[in-house]
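Hello,

Here is the structure I promised to pass on. Please open it alongside this note, and my findings follow below.

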Amino acid sequence: MKLSVVVPVMNEEENIEPLFKAIRDALKGIDYELIMVDDGSTDGTVQKMKELADERTKIIVFARNFGQTTAMAAGIDAAEGDLIATLDGDLQNDPGDIPMMIEKLEKEGWDLVAGRRANRQDGLFWRKIPSKIANAIIRRSTGVYLHDYGCTLKVFKRDVAKNLGLYGELHRFIPVLAKMYGAKITEVDVRHHPRIHGQSKYGIGRTFRVISDLLLMLFMQKYRTKPMHLFGSIGVPMLGIGVLIDLYLFILKILGHSIGQRPLLILGVMLTLGGIQLITTGFIAELIMRTYFESQNKKPYTIKEIYMKGADEAHSQAAS
């Protein structure tokens, strides 16, 4: 199968029929499957999807709301296409852009083509400005230079999508996760339409979650396979300074000075204990990391291709 289109939806009953029509019109001539993932809808979304489903359609229905990232991960897990496209279910993304993105991916050899909403049809103060700030912070922090991390419309090669490791609410950081996997990433301008039916499920409150996820991404990027480098590089200097302070106060005590009322004593004890805690946390994180990789036979690296010219020639001679 050429393409799997993954669409997470929640309470989008009025958008389902025009969404199905738009996808079918846009993908004529492409061998595709449509995977609709219902993320705990409480309206008639599921029934509407069942009424409109055809032989190309898979419908995954969650028992309750798990979040957009989990819905996207479930759809990707079920996908069978060589390429996987992700799309919002609110008709703000345009399925008509998918063929253009596929062509760009295949002709130019990209692993992920991300959409960039060139003329975004959202509110200025509550959606556009916070999004621009978040995008700028993510770019500078992660070194992955895209302009629009929040656009759901993306096209991946199968191996990249299947190895993203989507958990929590990390869908905004898909380009960062793909880069960690070793993918070649680009972006392209796509159309963006105003929402006609229903209401957005996301507000300004998600800003704090984005910041938390960004901290996780920075840790994953730099210290996922070497957590001791983070905890140790902070803990060892803290422990050293604490020990020096404590030693200084110990000498003063021997010389007959009173140290019980000195704030320096509290600082020395806190630095010593904090340093020990960070170092031991680093040890524990190292053990957890090794258990994660070794128990599942995972490797802390990704091999895209193995090529051995001599082996190929030997195989050809044997076959002849």
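Leu166 is in contact (heavy atoms within 4.5 Å) with Thr69, Met72, Ala73, Ile76, Ile174 and Leu177, leaving aside its neighbours within four places in sequence. Leu166 is also one of four residues, with Ile76, Leu164 and Phe173, that touch the most other members of the largest nonpolar core, which has 34 residues. A nonpolar core here is a set of buried Ala, Val, Leu, Ile, Met, Phe, Trp, Tyr and Cys residues joined through side-chain atoms within 4.5 Å. Buried means under 20% relative accessible area, exposed means over 50%, and partly exposed is in between, with a 1.4 Å probe and protein chains only. Two or more residues of this core come from each of E2, H3, strand E5 (112–117), H6, H7 and helix H8 (206–223). Another core lies apart from it, with 30 residues, among them Leu27, Ile30, Met36 and Val190.

A word on what you are looking at: this is a predicted model, in which local features need pLDDT of at least 70 and side-chain atom pairs count only at pLDDT 80 or more, while totals for chains, interfaces and linings use all residues. Residues are numbered from 1 along each chain as its sequence is written, and side-chain values use heavy atoms, with hydrogens and water left out.

The protein chain has eleven helices and seven strands. The element names are DSSP runs numbered from the N terminus: helices are H or I with at least four residues, and strands are E with at least two. Of the chain's 320 residues, 41% count as buried. Among contacts between residues at least 6 apart in sequence, 77% join residues at least 24 apart.

Helix H3 (residues 68–78) is mostly covered, with eight of its eleven residues buried: Gln68, Thr69, Ala71, Met72, Ala73, Ala74, Gly75 and Ile76. The cover over those buried residues includes strands E1 (3–9), E2 (32–38), E3 (57–61) and E4 (83–86), together with helices H6 (158–162) and H7 (174–181). H7 is itself mostly covered, since six of its eight residues are buried; these are Ile174, Pro175, Val176, Leu177, Ala178 and Tyr181. Gly182 follows H7 and has a positive phi, near 110°.

From the E1 side, have a look at Pro8, which sits in that strand. Pro8 is buried, with a relative accessible area of 10%. Not counting residues up to four places away in sequence, Pro8 touches Val37, Gln68, Ala71, Met72, Leu87 and Gly89. Pro8 and Asp90 are 82 residues apart in sequence, yet 9.5 Å apart in space, C-alpha to C-alpha.

Next, the helix pairs. Two packed helices are described by the angle between their axes and the distance between the axes. The axes are lines fitted to C-alpha atoms, for helices over the stretch in contact, and angles run from 0 to 180 degrees between N-to-C directions.

How do H9 (residues 227–254) and H10 (residues 263–295) cross? Their axes come within 7 Å and cross at roughly 155°, which makes H9 roughly antiparallel to H10. Angles over 145 degrees count as roughly antiparallel, under 35 as roughly parallel, 65 to 115 as roughly perpendicular and the rest as oblique. H9 passes H10 in a left-handed crossing; that is, the near helix is turned anticlockwise from the far one by less than a right angle, whereas clockwise would be right-handed. The residues of this contact divide into 23 nonpolar, eight polar and two charged. In that scheme Ala, Val, Leu, Ile, Met, Phe, Trp, Tyr, Cys and Pro are nonpolar, Asp, Glu, Lys and Arg are charged, and the others, Gly among them, are polar. Gly274 is found in H10 and is buried, at 14% relative accessible area. Gly274 and Val236 are 38 residues apart in sequence and 9.7 Å apart in space, C-alpha to C-alpha.

H1 (residues 13–26) and H2 (residues 45–52) pack at about 30°, with their axes 8 Å apart, and that makes H1 roughly parallel to H2. Their crossing is right-handed. Glu13, Ile16, Glu17, Phe20 and Arg24 in H1 meet Thr45, Lys48, Met49 and Leu52 in H2. That contact divides into four nonpolar, one polar and four charged residues.

Best wishes
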